[in-house]
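Hello,

Here is the structure we talked about. Please open it alongside this note and follow along.

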Amino acid sequence: MASAAGALSASAVLCSAGTRLLPLRRTASPYGSFAPSFAPRQLRRASPAPARRLGIRAARTESKGVSLGFRAPDFELPEPLTGKMWKLEDLESYPALLVMFICNHCPFVIHLKKEIVKLTNFYMKKGLGVIAISSNSVLTHPQDGPELMAEDAKVFKYPFPYLYDESQDVARAFGAVCTPEFFLFKKDGRRPFQLFYHGQFDNSRPSNNMPITGRDLSIAIDCVLSGQQLPSAPKPR
């Protein structure tokens, strides 16, 4: 993690595990199911300035340009399950908002799905607003397309809207670089949400045999809902 221990104003957070977004190459990938997953088609429409092409693979990466205090960007995204369009302003009544970047296929997301549902069910009853966003391309990962997103939401009984970011613009606006990635916002000033926590769910990973507890994210949510400060710096995801 790119900060001193205990510091809560880090400007960079490492994704130590998960599905990474990185410069996309049009060559054959040695990473199997972790081949580039964000659509190159939309990214080629970028302005003449050097385009940041995004892809996915399992790796360690650094989330740059997102610091605590970062204001949640506006968005308008569809929910494949219901067809409803969601905007940031639809969530302004909540004292805090959890934005999760996930997808259907990522092993690190699959590892946490049931516990994510348990945790969000618990905290939504306490007043937390929650949304999940998938920004993956159906060109490279058809299992992450909107129809199967809707099916996934049904199977796992997601209590939160699961939104589709086809253009990847929202992922870029948030600075999301891997899945799963957790952004916890609190109310602040004229714009309603300010980044409070950007870090891991807990210490569990698919291959380390550690129990899935949601401890890190739970502590952060408890703090933001009670108006307390984080006791320590967020750990990278």
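**Strands 11 and 12**

Leucine 184 has tyrosine 197, in strand 12, as its bridge partner. Strand 11 (181–186) and strand 12 (194–199) run antiparallel, joined by five bridges. Two strands pair if DSSP finds at least two bridges between them. Six of the six residues of strand 12 are buried, so this strand is largely enclosed by the rest of the structure. Buried means under 20% relative accessible area, exposed over 50%, and partly exposed in between (1.4 Å probe, protein chains only).

Before you go further: this is a predicted model, in which local features need pLDDT of at least 70 and side-chain atom pairs count only at pLDDT 80 or more, while totals for chains, interfaces and linings use all residues. Residues are numbered from 1 along each chain as its sequence is written, and side-chain values use heavy atoms, with hydrogens and water left out.

**Overall picture**

The protein has five helices and 12 strands. Helices (H or I, at least four residues) and strands (E, at least two) are DSSP runs, numbered from the N terminus. Of the 237 residues, 51% are buried. The accessible surface comes to about 11000 Å². Carbon and sulfur atoms account for 52% of that surface. Areas come from the Shrake-Rupley method with a 1.4 Å probe; for residues, only the protein chains shown count as cover. Take the contacts between residues at least 6 apart in sequence: 74% of them join residues at least 24 apart. Contact means heavy atoms within 4.5 Å.

**The cores**

The largest nonpolar core has 33 residues. Such a core is a set of buried Ala, Val, Leu, Ile, Met, Phe, Trp, Tyr and Cys residues joined through side-chain atoms within 4.5 Å. Those with the most contacts inside it are Leu98, Met100, Leu128, Phe182, Leu184 and Leu217. Elements that give two or more residues to this core include strand 7 (96–101), helix 2 (107–124), strand 11, strand 12 and helix 5. Helix 2 supplies the largest share, seven residues. Apart from this core lies another, of 22 residues, among them Leu91, Ile133, Leu163 and Phe174.

Two residues are worth a click here. Threonine 120 sits in helix 2. Threonine 120 is buried, at a relative accessible area of 0%. Beyond its neighbours within four places in sequence, threonine 120 is in contact with Leu98, Met100, Val130, Pro159 and Phe160.

**Aromatic pairs**

How many aromatic pairs does a search of the whole structure find? The search finds 11. Rings of Phe, Tyr and Trp (its six-membered ring) pair if their centres lie within 6.5 Å; planes under 30 degrees apart count as stacked, over 60 as edge-to-face and the rest as tilted.

Take phenylalanine 174 and phenylalanine 185. Their ring centres are 5.9 Å apart and their planes at 75°, so the pair is edge-to-face. Phenylalanine 174 is in helix 4 (residues 169–174) and phenylalanine 185 in strand 11, 11 residues apart. Phenylalanine 174 is buried, at 1% relative accessible area. Phenylalanine 185 is buried too, at 0%.

Phenylalanine 182 and phenylalanine 201 form a tilted pair, 5.7 Å centre to centre with 35° between the planes. Phenylalanine 182 lies in strand 11 and phenylalanine 201 in the loop between strand 12 and helix 5, so the pair ties together parts that are 19 residues apart in sequence. Both phenylalanine 182 and phenylalanine 201 are buried.

There is also an aromatic cluster, formed by Phe70, Phe75, Phe101, Phe174, Phe183 and Phe185.

**Serine 204**

Serine 204 is in the loop between strand 12 and helix 5 (215–226). Is serine 204 buried or exposed? With 1% relative accessibility, serine 204 counts as buried. Its side chain makes a polar contact of 2.6 Å with the side chain of histidine 111. A polar contact is a pair of N or O atoms within 3.5 Å; within protein, one must be able to donate a hydrogen and the other to accept it, and residues adjacent in sequence count only if both atoms are side-chain atoms. Not counting residues up to four places away in sequence, serine 204 touches His111, Met210, Pro211 and Ile212.

**Alanine 173**

Alanine 173 lies in helix 4. Alanine 173 is partly exposed, with a relative accessible area of 35%. Alanine 173 and proline 73 are 100 residues apart in sequence but 6.4 Å apart in space, C-alpha to C-alpha. Leaving aside neighbours within four places in sequence, alanine 173 is in contact with Phe70 and Pro73.

Best wishes
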